[in-house]
Amino acid sequence: MVKFVVLGLAAEFLGTFVAATTTATSSSFLDGNLNYASPSRRHAGLGIDVSLVSRRSLLKRDAVAYAAEELNFTHGVASGDPYPDSVILWTRVAPGLASDASNVTVEGPVPVYDHETEKYINADPNPICVEWEVTPSGGSQHAVSSGKAYTTSDIDYTIKVEAEGLKPFTTYNYQFTICGSNKKSPVGRTKTAPPASASVSEVKFAVFSCSNYPTGYFNAYGNAARKDEQDYIIHLGDYIYEGAAGGERAHAPRKLLFSLHDYRTRHGQYRTDPDLQLASQNFAWIATWDDHEVSNNGYRDGSSGLNNTEDSFLKNGGVSVDQRKMNAVRAYFEWMPIRQVDLDDNLRIWRSFQMGNLLDLIILDTRNYDRSVTSLGWNDDYIDLIRDDASRTLMGSHQENWFYNQLSQSSDRGATWRIIGNQIVFSHITSANGGLSGDNWNGYLANRNRTLKHLYDNDISNTIFLAGDSHQNWVSDLVWLGEKPYDPVTGAGSVGVEFAGTAVSSTGYNGRIVPARTAAQYRVGNNSVLQWQDGYYRGYFLLSVTPEKLEARYYGSPSVASRNSWDLPLANFTVVAGENKLARPVGGGTVEAGFLKGGKTTPTNITLNTDTWKWDVVGFEQMYINTSS
């Protein structure tokens, strides 16, 4: 178990630090908290000058430390980005729920050598101390990894540490404690990854995306956490939304997000949800962002809500595109248990995880890194004209070449499966009106063709794309239409499979279930690669990966208009290793909802209550919360 301890600037700490002020290591007490390097300590304009933070703590003669009883672990605990010998641990310890209102960490040039200390002295004179400890999950209290970290208002009182020296593919407990007190955080549970060379019999992932707080309760998180089937959680983005929706779960702040304080407050609001806290407390997360962590339909130079023009600046928040992105990125790294794999690249979230010889999990950023212009709501005719331009890229040349190298290296090392964690639907699927989206891979045809060409030319097998973003379920064979032959009946000609998931709570098909099924039938009938589609249910899917096969089990929340624990099995799919297609008959020939090519839909509404473990036939009149008030 990991224990964290938090205290104010105690006499012991102060004495140690006064002695250190004349040395080059005067800020070393802050080094234990990774968030002081977020997004990058190496760049003066992006990192926090920790020497000034430490010096102001000593120079404030009338500084009064927080007493333990004044502090709380305000947002639970979390872990993420498991390696075979380490994992990231996260918490927040603060005098209250409210985020710090200062933008000091993202304002001005923040030079390396800055003799202006007053703003830092005034910012927060009271670093808070936390001790953490990791112990085996079997009940032993012997710490296998431990340490001490400090936090201040500069990073919104968040704590993020790397627990090292752990055993691979092992479950641990962890906890934080306020230094010098008995005030403890909830006990968390986490799990390390298997080593790259290990023979692994099975790994399971619960896959989520698109959790919009005002539109519904996060029932999917709670259901997956209580069922406790997965080893890890993958979140494909839209973890928060930047909007200003109302209703019983109205967004805070009740406005579009622009400032650092805005984004911090929104992250804090989401982490008050009990089902999100439960899933975060008990599983290591592997997360990437989509667009709404910054702004809808983002690309390298703007988004649908803010562009690099004077008119946009004046009408939308009075903040530049780059500054808004910087604010959002800093808050994300502060509040998420995520590694910064390259401190010289503050926007980099793309990374990979080797999990034994079973699989490589490759996480992409197809939204914010170096994306060419996308659909912005007013330029769709332009996007339609340039969607096949060779220069268009979803991820920039740096990431794109890294991606192809990861695929090849994974195949060369003998990993059975390559699983791609990507935000947006990859497959060639036409919309309800017969057109192509400009905001998913359909808007970047050359980039998709380059990816498919790499897979076919290098005979890379067992490739699985994961996607979120669309708020609906889609299951497709992975095919290079127009270039390679494909038989939708047998799946011959496919080079892999795509599993795209619905939203945790964001709105999908806005209507009754029967018309939703009719819409799904139309889409499946008009897209040869699409084998199953459902737009009605909110939920998630569970991936079970073995050397012989990969299974995807889809689950739906019958309603997110209330907090409930009903979990409805929707459909099950299998991919046999080496076959590079969905096993036939697809879905076993029958599904609970949506429309299945070559199969039938048999709705039963037989639903599991994950609180009582009882099955029952349930139904709800309302899917979403009304956000108009």
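At a relative accessibility of 19%, Asp469 counts as buried (under 20% relative accessible area is buried, over 50% exposed, and in between partly exposed, with a 1.4 Å probe and protein chains only). The model is a predicted one, in which local features need pLDDT of at least 70 and side-chain atom pairs count only at pLDDT 80 or more, while totals for chains, interfaces and linings use all residues. Residues are numbered from 1 along each chain as its sequence is written, and side-chain values use heavy atoms, with hydrogens and water left out.

Asp469 sits in the loop between strand 16 and strand 17 (helices are DSSP runs of H or I with at least four residues, strands are runs of E with at least two, and both are numbered from the N terminus). Its phi is positive, near 70°, although Asp469 is not glycine. Asp156 also has a positive phi, near 60°, and lies in the loop between strand 4 (145-151) and strand 5 (158-163). The relative accessible area of Asp156 is 0%, so Asp156 is buried. Most residues other than glycine have a negative phi, and most peptide bonds are trans.

## Chain overview

The secondary structure of the chain consists of 12 helices and 27 strands. Of its 629 residues, 61% count as buried. The chain exposes about 22,300 Å², of which carbon and sulfur atoms supply 50% (Shrake-Rupley method with a 1.4 Å probe; for residues, only the protein chains shown count as cover).

Contacts reach across the sequence: among those between residues at least 6 apart, 74% join residues at least 24 apart (a contact means heavy atoms within 4.5 Å).

An open sheet of mixed pairing is formed by 11 strands in the order 5-2-1-10-9-8-20-21-22-26-27 (two strands pair if DSSP finds at least two bridges between them). Strand 5 and strand 27 (614-617) are at the edges with a single partner strand each, so one side of each has no neighbour in the sheet. On average, neighbouring strands of this sheet are turned by 35° against each other, direction ignored (axes are lines fitted to C-alpha atoms, for helices over the stretch in contact, and angles run from 0 to 180 degrees between N-to-C directions).

Strand 21 (residues 549-557) and strand 22 run antiparallel and are joined by eight bridges. Arg553 stands opposite Asn572 of strand 22.

## Asn72 in strand 1

Asn72 belongs to strand 1 and is partly exposed, at 37% relative accessibility. Leaving aside residues up to four places away in sequence, Asn72 touches Arg92, Val93, Ala94 and Lys183. Its side chain makes a polar contact of 3.4 Å with the side chain of Lys183 (a pair of N or O atoms within 3.5 Å; within protein, one must be able to donate a hydrogen and the other to accept it, and residues adjacent in sequence count only if both atoms are side-chain atoms). Leu97 is 25 residues from Asn72 along the chain, and their C-alpha atoms are separated by 8.8 Å.

## Strand 6 and its partners

Strand 6 (residues 171-178) is largely enclosed by the rest of the structure, because seven of its eight residues are buried. Strand 3 (residues 128-136) runs antiparallel to strand 6, with seven bridges between them; Glu131 has Thr177 of strand 6 as its bridge partner. Strand 7 (residues 188-191) also runs antiparallel to strand 6, joined by four bridges, and here Tyr174 has Gly188 of strand 7 as its partner.

Helix 5 (residues 260-270) is mostly covered, with 10 of its 11 residues buried; among them are Tyr263, Arg264, His267 and Tyr270. These buried residues pack against strand 1 (72-80), helix 6 (274-282) and helix 8 (321-335).

Helix 11 (residues 445-457) has 13 residues, which at 1.5 Å a residue should span 18 Å, and its end C-alpha atoms are 18 Å apart, in agreement (the expected span is 1.5 Å times one less than the number of residues). Its buried residues include Leu445, Arg448, Leu452 and Leu455. Their cover includes helix 10 (396-413), strand 16 (463-467) and strand 17 (473-478). Just after helix 11, Asp459 has a positive phi of about 50°.

## Cis peptide bonds

The Ala252 to Pro253 peptide bond is cis, with omega near -10°. Pro253 is in the loop between strand 9 (232-235) and helix 5. The bond from Arg584 to Pro585 is cis as well, with omega near -5°, and Pro585 is in the loop between strand 22 (566-576) and strand 23 (590-591).
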